[in-house]
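Welcome! Please take a moment with the sequence and the 3D view before reading on.

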Amino acid sequence: MKSPLKIYFLIFIFLIFSTYNTKHNKRNLSLFFPIKEILIKNSIATNLLELKSDLNFLMNSSLFFLNKEKILAVISNYDFVSNAQFKKKYPNTLNIKIIEKIPVATQIINKQKFFITKNNEKIKFIDLKIYENLPSIFGKHKNFNIFYDDLEKNNFEINEIKAFYYFDVSRWDIILKNEKIIKLPEKNYLKLLPRINSMLEDNNFSKYKIFDFRINGQLILK
């Protein structure tokens with residue numbers, strides 16, 4: 001068995017050789033598994049060149065003593081990033097998997113365009129081909145996250161939605177890409193969603209453009 005004194009000595013030597021400071025660039029440079037390569041993947045909207053530049057302070061620091069909190073603090077400055085996962089590949093490679101927020105709609109707020117996520121988060125709009133066909137939201141919505149979740153749970157064809165219109169009386173209109181309009185009531189719209197799905201698939205209703213459910217117990221077709 002190694003003596004406690006010898007163990008302490010080995011730990012001390014390990015720490016001495018793991019990091020040292022340079023006054024020139026104020027980085028923590030390491031002789032113990034120094035990071036030589038940073039690989040970032042799973043990014044759709046995040047600017048990888050900028051992110052890699054912002055993470056350049058990690059180069060030559062110890063892969064073993066990785067400061068994840070400091071990295072996350074840098075990554076969190078990017079609007080699209082929700083979280084990140086790290087995987088160390090010894091001896092000198094850090095793999096970072098970006099977890100991005102996923103926009104489900106766009107909206108113009110105070111003359112500025114934003115992406116809107118299903119959790120009502122706002123992300124500054126940038127021109128991205130993958131998100132060019134997202135539906136638009138109109139109106140000062142208060143419950144889009146709840147409404148969107150209800151549509152998903154009821155298997156509504158969200159990809160066929162062109163726009164959401166929110167009205168101050170706390171109700172929604174849905175405009176489909178085929179220009180059909182669904183006017184939902186203020187309350188109890190949940191029980192209508194399966195029925196609406198069936199109607200939209202039924203050829204007997206294909207000639208109608210407006211499905212008005214605003215009056216309780218009635219459906220007005222136009």
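This is a predicted model: local features need pLDDT of at least 70, side-chain atom pairs count only at pLDDT 80 or more; totals for chains, interfaces and linings use all residues.

The report below walks through a sheet, a hairpin, some backbone details, a surface patch and the salt bridges.

Eight bridges join strand 4 and strand 5 in the antiparallel sense. In one of these contacts, Gln85 has Lys97 in strand 5 as its bridge partner. As background, strands of a sheet pair through backbone hydrogen bonds, either parallel or antiparallel.

## A cis bond between two strands

Between strand 4 (81–89) and strand 5 (93–100) there is a loop, and Pro91 sits in this loop. The peptide bond joining Tyr90 and Pro91 is cis, with omega about 20 degrees.

## A hairpin and its turn

Strand 6 and strand 7 also pair in the antiparallel sense, here over six bridges. Ile108 finds its bridge partner in strand 7, namely Lys113. Strand 6 is mostly covered, with five of its seven residues buried.

The hairpin has two residues between the strands, and Asn110 there takes a positive phi near 50 degrees. Lys111, in the loop between strand 6 (103–109) and strand 7 (112–117), has a positive phi of about 70 degrees although it is not a glycine. With 85% relative accessibility, Lys111 counts as exposed.

## Another positive phi

Glu179 is partly exposed, with a relative accessible area of 39%.

## A nonpolar patch

Which residues form a nonpolar patch on the surface? They are Phe138, Tyr165, Phe167 and Val169, and together they have about 340 Å² of accessible area. Phe167 belongs to strand 10 (residues 161–167) and counts as partly exposed, at 32% relative accessibility.

## Salt bridges

Side chains of opposite charge can pair when their charged atoms come close. How many salt bridges are there in this model? The count comes to eight. One of them joins Lys101 and Glu121, whose closest N and O atoms are 3.7 Å apart. Lys101 lies in the loop between strand 5 and strand 6, and Glu121 in the loop between strand 7 and strand 8 (122–124), so this pair ties together parts that are 20 residues apart in sequence. Glu121 is partly exposed, at 31% relative accessibility.

Lys118 forms a salt bridge with Glu152, and here the closest N and O atoms are 3.2 Å apart. This pair links distant parts of the chain: Lys118 is in the loop between strand 7 and strand 8, while Glu152 is in helix 4 (residues 144–153), 34 residues apart. Both partners are partly exposed, Lys118 with a relative accessible area of 34% and Glu152 at 33%. In the salt bridge of Lys129 with Glu132, the closest N and O atoms are 3.6 Å apart. Lys129 is exposed, with a relative accessible area of 67%, whereas Glu132 is partly exposed at 47%. Finally, salt bridges that share partners join Arg171, Asp173 and Lys183 into one network.

Technical notes
Residues are numbered from 1 along each chain as its sequence is written. Side-chain values use heavy atoms; hydrogens and water are left out. Helices (H or I, at least four residues) and strands (E, at least two) are DSSP runs, numbered from the N terminus. Buried means under 20% relative accessible area, exposed over 50%, partly exposed in between (1.4 Å probe, protein chains only). Patches are made of residues with over 30% relative accessible area and no salt bridge: like charges are joined within 9 Å, nonpolar side chains (Val, Leu, Ile, Met, Phe, Trp, Tyr) within 5 Å. Accessible areas come from the Shrake-Rupley method with a 1.4 Å probe; for residues, only the protein chains shown count as cover. A salt bridge is a side-chain nitrogen of Lys or Arg within 4 Å of a carboxyl oxygen of Asp or Glu. Two strands pair if DSSP finds at least two bridges between them.
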